[in-house]
Amino acid sequence: MNYADLLIETHGKVAVIRLNRPKALNALNDNMMDELGDALYKFDADSNIGCIILTGSEKAFAAGADIAAMVDYDYGDTYGGNYIGRNWEHILNVRKPVIGVVQGFCLGGGCELAMMCDFLIAADTAKFGQPEIKVGVTPGAGGTQRLPRTIGKAKAMDMLLTARMIDAAEAERTGLVSRVVAADKVMEEALAAAATIASMSVSVAMAIKDSVNRAFETTLTEGVRYERRYFHAAFGTPAQKEGMQAFLAKRPPNFDGL
Ligand code: CO8
């Protein structure tokens, strides 16, 4: 896969998609978002891949949507025609787990894109913020919705209204990221986490992801019912036979292809 604004690697069953516009701190433009959707869908459909990492550079995951590209837009450009946002949420359609790995700036649309990942691993250099208010706009890809659901109203309002950046430690404390790792070890740690996930049954991992995401869209009772159906259905799969038989035989399970 060759892209103008992304770098792609695979490590065994793990795909790494790296945002790559270094001169603009990975500012997210239309082409990059089109390419990201394309790469995500290809890996989601690739039976050799079990987990996807989305990351940026050492300096920036992404410093937001591309301000230079937007500065002269009018309402017709944003809502009509090419409709900004049309290609931003492909990541939400990906069924396999997506880990976001954040180093450096993760701002505005960059933070919104990061929050669309299933979980985030941050380097100790990471800085998160929603500074859209400083450039005279609101967030547009879920910043006012996912941030309060993730870190609570008080912290979210503080970040959204003052444009204050939080560091990796505060991001971990507030639940925005699952782990903080020294910058020189963060990819190693993320690749190990992704390889662990990819060694499990892909279909069980997809079901868990789907079920967790359901928690944000439904009542507790309905969510538990939804989960229960997946649990029952698991008994019709080879993954359940392999996993439970391997446990009882005191051998490691082999979920390859399951
Ligand atoms: N867009 C375009 N270019 C950018 C962006 C950006 N968001 N961020 C940085 N750059 C460029 C700079 O213009 C500069 O380019 P050049 O070298 O040609 O002058 C280069 O990257 C390096 O940046 P700085 O010189 O500014 O580097 P500093 O280390 O001094 O500062 C900062 C780094 C603090 C990250 C600073 O660049 C900054 O504040 N950037 C803007 C952050 C921002 O406001 N982000 C929000 C943008 S709006 C948005 O994201 C809305 C999302 C809505 C999505 C809706 C979809 C549906």
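What follows is a walk through the fold, the ligand shell and a few individual residues of this predicted model.

Some ground rules come before the details. Residue numbers start from 1 along each chain, in the order its sequence is written. The model is predicted, so local features need pLDDT of at least 70 and side-chain atom pairs count only at pLDDT 80 or more, while totals for chains, interfaces and linings use all residues.

The protein chain contains 11 helices and 10 strands; these are DSSP runs numbered from the N terminus, with helices being H or I of at least four residues and strands being E of at least two. Its radius of gyration is 19 Å, close to the 18 Å that the globule rule gives for 258 residues, so the chain is as compact as a globular protein of that length. The radius is taken over C-alpha atoms, and the rule is 2.2 Å times the number of residues to the power 0.38. The C-alpha trace spans about 65 × 45 × 40 Å along its principal axes. Of the 258 residues, 37% count as buried (20 or more other C-beta atoms within 10 Å of a residue's own; 12 or fewer is exposed, in between is partly exposed, and C-beta atoms are placed from the backbone). Looking at contacts between residues at least 6 apart in sequence, 70% join residues at least 24 apart, where contact means C-beta atoms, placed from the backbone, within 7 Å.

The chain splits into domain 1 (6-198) and domain 2 (202-248), with bounds from an automatic or database domain assignment. The contact between them takes 7 residues from domain 1 and 5 residues from domain 2. On the domain 1 side, the touching residues are 2 nonpolar, 1 polar and 4 charged. Here Ala, Val, Leu, Ile, Met, Phe, Trp, Tyr, Cys and Pro count as nonpolar, Asp, Glu, Lys and Arg as charged, and the others, Gly among them, as polar. The centres of the two domains, taken over C-alpha atoms, lie 27 Å apart.

Around the ligand sit 23 residues, of which G64, G85, G108, G109 and G140 come nearest; a residue is near if its C-beta atom, placed from the backbone, lies within 6 Å of the molecule. By class, the shell has 15 nonpolar, 5 polar and 3 charged residues.

Setting aside residues up to four places away in sequence, C106 touches F61, A62, C111, A114, A126, K127 and F128.

T55, in strand β3 (residues 51-55), is buried because it has 25 C-beta neighbours inside 10 Å. Beyond four places in sequence, T55 contacts V16, R18, F61 and V101.

Two loop residues other than glycine have positive phi. N26, between β2 (14-19) and α1 (30-44), has phi near 60 degrees and counts as buried, with 28 C-beta neighbours inside 10 Å. Y83 lies between α3 (75-79) and β5 (98-102); its phi is near 35 degrees, and Y83 is exposed, with 10 other C-beta atoms within 10 Å.

Terms used: Contact = placed C-beta atoms within 7 Å.
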